[in-house]
Amino acid sequence: MIKLERAYATISKDTLIHNYQAFETLVGQDTLVMSVVKADAYGHGSIEVSKALEQAGCTYFGVACLEEAIELRNAGIKANILIFGRTDLANIKYIHEYNLIQTIISYEYALEIDECGIDIDAHINIDTGMSRLGIYTHEESDIENTILEFRKIAKLDHINIEGIYTHFADADNVDDTFTKKQFKIFNTIVQTLKKDHVCHGICHCANTSATLRFPEMKLSMVRIGIGLYGYPQVKTNIELLPVMSLYAEVEDIHHLKPNDSVSYVRRYYVTENKTIATIAIGYADGYLRGSTNNDYFIYNGHKLEEVGTICMDACMVDATGTNIKIGDYVEVFGENKTVSVIAKHLNTIEYEVLCGIGKRIHRIYK
Ligand SMILES: Cc1ncc(COP(=O)(O)O)c(C=O)c1O
């Protein structure tokens with residue numbers, strides 16, 4: 001077997017399952033927990049993650065597109081898989097063939113699917129304020145029309161409505177006004193359909209933040225993404241732990257003198273004798289140039305500052321005063337430093353850093 005080169009990530013299945021079970025306990029028996037495993041399970045590897053979660057009892061997975069869903073089916077996942085995005089009509093036959101669930105974003109889309117003459121299961125997406133996908137219902141005055149649209153979809157022969165959902169735009173915000181408004185609109189639709197005996201199946205709206213903040217919004221299912229991977233975006237007493245750690249190898253070591261510069265564009269100059277180590281991770285691995293001169297790695301309890309422009313396949317760190325050697329590994333994030341540090345330095349969110357971890361990084365499941 002080839003020895004691991006360059007950089008690798010470890011993914012703790014035990015931690016993943018611990019996080020999943022924390023949500024199961026939080027929402028209780030009457031609410032399902034959907035695991036959101038789109039974008040390769042936020043960079044963690046959707047097949048391995050879904051297999052572990054299915055074994056732990058998860059019965060619902062959420063993905064962005066058909067390819068992601070088929071990948072899971074081909075890997076042997078038997079649970080329900082909801083596709084959040086629009087599937088092209090040319091591919092609707094695969095929704096049936098692979099026993100998937102399609103999101104319906106409008107009556108027009110539903111009609112087009114119906115005209116294909118292929119039976120599919122579907123969840124109807126109501127846009128209550130995200131303005132991304134779904135039937136436009138931003139104000140209470142839009143509700144009546146949305147209910148009419150829903151009823152028209154319900155009459156179509158080939159669409160079996162299995163659920164109805166909305167997605168919050170601002171669930172992390174301490175100001176909860178907008179989330180509460182979205183919820184009120186969604187809940188009014190759900191309750192009206194119920195009263196009129198129109199079957200709407202599973203109703204869901206809460207992502208990680210809403211699930212942690214608003215127990216009344218859990219309904220029949222919650223859709224948990226970032227919380228599963230250990231990075232809740234809101235304060236919580238529930239123990240949610242990071243699942244992934246990332247390590248990179250020391251490729252070379254240079255003893256530099258004052259006035260030597262480091263890397264492209266010469267954005268770092270040495271002012272005194274320094275040991276500069278080359279670390280085998282770069283922007284092609286998802287370690288982005290934006291972290292140039294603005295991040296650190298961990299080595300044997302030392303904080304090694306990143307110095308000089310991050311390259312495609314490598315970057316340099318100041319390892320002065322350590323006994324670092326070629327072939328050693330440094331922690332990019334893990335036990336001693338979280339992804340949140342990198343996200344903060346990049347002025348972004350943990351989601352983006354995790355999803356960006358490149359294909360070249362070996363994922364090791366423990
Ligand atoms: C439709 C939908 N539901 C749920 C989620 C999960 O959100 P989070 O990762 O914040 O829990 C996402 C992620 O963006 C989503 O697009």
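Predicted model: local features only at pLDDT ≥ 70, side-chain atom pairs only at ≥ 80, totals over all residues.
A polar contact here is a pair of N or O atoms within 3.5 Å.

Stop 1: Select Thr208 together with the ligand. An N or O atom in the Thr208 side chain is 2.5 Å from an oxygen atom of the ligand, a pair that falls within the 3.5 Å limit. Next, select Ile226, where a polar backbone atom is 2.8 Å from a ligand oxygen atom. How much of the ligand does the protein bury? Taken alone, the ligand exposes 400 Å², and the protein buries 93% of that.

**Stop 2: the pocket and the shell.** Show the pockets; the ligand takes up the space of the largest pocket. Colour α2 (38–42) and β10 (221–224), the elements that give two or more residues to the shell around the ligand. Now select the whole shell, which has 13 residues. The closest are Tyr42, Thr208, Arg223, Ile226 and Tyr351. Colouring the shell by residue class gives 6 nonpolar, 4 polar and 3 charged residues.

**Stop 3: Gln191.** Move to helix α8 (residues 177–195) and select Gln191, which is placed in that helix. Is Gln191 buried, partly exposed or exposed? Gln191 counts as partly exposed because its relative accessible area is 37%, between the limits of 20% and 50%. To finish, draw a distance from the C-alpha atom of Gln191 to that of Val222: the two are separated by 18 Å, and the residues are 31 apart along the chain.

Definitions and conventions
Residues numbered from 1 in each chain as written. Heavy atoms only, no water. Near = heavy atom within 4 Å. Polar contact = N/O pair within 3.5 Å; in protein donor to acceptor, adjacent residues only side chain to side chain. Areas by Shrake-Rupley, 256 points an atom, 1.4 Å probe, with all protein chains shown as cover. 1 Å grid on protein atoms, 1.4 Å probe; cavity = no way out; pocket = protein on both sides within 12 Å on 5 of 7 lines; lining within 4 Å. Sits in = over half its atoms within 2 Å of the grid points. Helix = DSSP H or I, 4+ residues; strand = E, 2+ residues; numbered from the N terminus. Nonpolar A, V, L, I, M, F, W, Y, C, P; charged D, E, K, R; others polar. Buried < 20%, exposed > 50% of the residue type's maximum accessible area, 1.4 Å probe, protein only.
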